[in-house]
Amino acid sequence: MTPLAVGPGLARSHRWLCAHPRALDTLVAIGVLALILIGAVAGPRMRHQPLGPLFALLAVLVAGSLIFRRDLPRGVLAFTVALTLVEIVTNDVGPPRTSIVFGVVVALYTAATRTDRPTTWRLGAATAVLLTGAGMLFALNPWYSQENWGLFAWAGLAAATGDAVRSRRAYIAAIEERAVRAERTREEEARRRVAEERLRIARELHDVVAHHIALVNVQAGVASHVMDNRPDQAKEALAHVRQASRSALDELRATVGLLRQYGDPAAPTEPAPGLAVLDQLVDGFVRAGMRVRVRAEPPEALGPLPGSVDLTAYRVVQEALTNVHKHAGPGATAEVRIARVGGAAGSALEVTVEDDGAGRRPEGPEGEPPAPGEETGGGGHGLLGMRERVAALRGSCEAAPLPEGGFRVRVRLPLQPRRGGD
């Protein structure tokens, strides 16, 4: 098997074992049992000593208890130490087979990774003293034999390794927590600055508008009151109105200019478009190959429209026709209807744009059709902006596909301000 084939397999095995810790502990127990048995017969002093049934039973119990080392770390440690002491003390067939200490090593390591440093060193010292002391007192070997000091070294190594692993895990967890906390702090700081900036801008705009509009209102009232009797004073009041409005515009321009970033396009100086130039807008789409029919009431029937309603109606038609050209194709037929409607809530301007969906739809990469969301146009930012414009005027906006095919956008814009504080 090539290294490229081994890598993904090992990664999947590692993920599976991490997700099933009991299976991992079972594999560890089997490996420890194999080490205990190999060490029991591989030593130079043990080659001619047969494995007794008691040792085999103790080895199986020690290794089997490691399956529960995560649930009961201290209990498993005490259990393995006790069985190891039994093997050291009951060595009636020869020297003790100290390879059984491998189970204690794994149990002590597990307990060390799940407790604090003082407790780890107390557990490690108690384990080392018990095992080494039992070996020196009850073993057939001299008290200073390497097997006895090996018990001491294995216990100390297990405690030190477990403590190092625990410290490493705690360090990594602290770093991750600190990173999460820093990220959360940055986000909170950004939100706080945005809120403070919005409050500052709102306060600036309020101060500018409130002061100058109040001054304009007072001076306009004076001019209206003295217009007939004292025209000179009326002209002076109107001059003050003009000066106040000019100052208000200058301060508003300066305040809004703070919101512009470097490189943003300059504010347009031409008048805002409206339904009066709807023919020019439609001609642009017709020249692009789209068939557009317009059914609009004459201007005298529509009456004078507020500037915001006129601009919003124009933008709605512009966005709707753009969506037709983009999603239905150049060969589609669109119909624009503009009428003044009345009801219990007052008169409103209704703008409807429908298409038959019969155009040649543009294709995606490699001849694939556009995504369904793009065909309907239901998820684009254009419709979202359209709804926001209409909602700002307290109107209603409907955009949905037609049962027979095509798409319809219907917008109703109130022509009279609502009363009652709604």
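Predicted model: local features only at pLDDT ≥ 70, side-chain atom pairs only at ≥ 80, totals over all residues.
Helices here are DSSP runs of H or I with at least four residues, strands are runs of E with at least two, and both are numbered from the N terminus.

Residues are numbered from 1 along each chain as its sequence is written, and side-chain values use heavy atoms, with hydrogens and water left out.

How many aromatic pairs does the structure hold? There are two, where a pair means rings of Phe, Tyr or Trp (its six-membered ring) with centres within 6.5 Å, and planes under 30 degrees apart are called stacked, over 60 edge-to-face, and the rest tilted. One of them joins phenylalanine 102 to tryptophan 154, and because the ring planes stand at 85°, with centres 5.4 Å apart, the pair is edge-to-face. Phenylalanine 102 belongs to helix α5 (residues 101-113) and tryptophan 154 to helix α7 (residues 146-226), so this pair ties together parts that are 52 residues apart in sequence. Tryptophan 154 is partly exposed at 36% relative accessibility, on a scale where buried is under 20% relative accessible area, exposed is over 50% and partly exposed is in between (1.4 Å probe, protein chains only). The residues I opened with, tryptophan 149 and phenylalanine 152, also form an edge-to-face pair, at 6.4 Å centre to centre and 80° between the planes. Tryptophan 149 is partly exposed at 42% relative accessibility, and phenylalanine 152 is likewise partly exposed, with a relative accessible area of 42%.

Turning to charges, the structure holds 16 salt bridges, each being a side-chain nitrogen of Lys or Arg within 4 Å of a carboxyl oxygen of Asp or Glu. Helix α7 contributes here as well, since glutamate 189 and arginine 193 are four residues apart in that helix, about one helical turn, and their side chains meet in a salt bridge at 3.0 Å, N to O.

Where does the pair of arginine 412 and glutamate 350 lie? Their side chains form a salt bridge at 2.6 Å, N to O, and because arginine 412 is in strand β5 (residues 407-414) and glutamate 350 in strand β3 (residues 348-355), the bridge ties together parts that are 62 residues apart in sequence. Arginine 412 is partly exposed, with a relative accessible area of 38%, while glutamate 350 is buried at 18%. A network of salt bridges that share partners joins Arg293, Arg295, Glu335, Arg337, Glu354 and Arg408. Among its members, arginine 337 and glutamate 335 meet at 3.7 Å, N to O, with arginine 337 partly exposed at 25% relative accessible area and glutamate 335 buried at 10%.

Finally, the chain as a whole: the protein chain has 13 helices and five strands, and buried residues make up 31% of its 422 residues. Among contacts (heavy atoms within 4.5 Å) between residues at least 6 apart in sequence, 69% join residues at least 24 apart.
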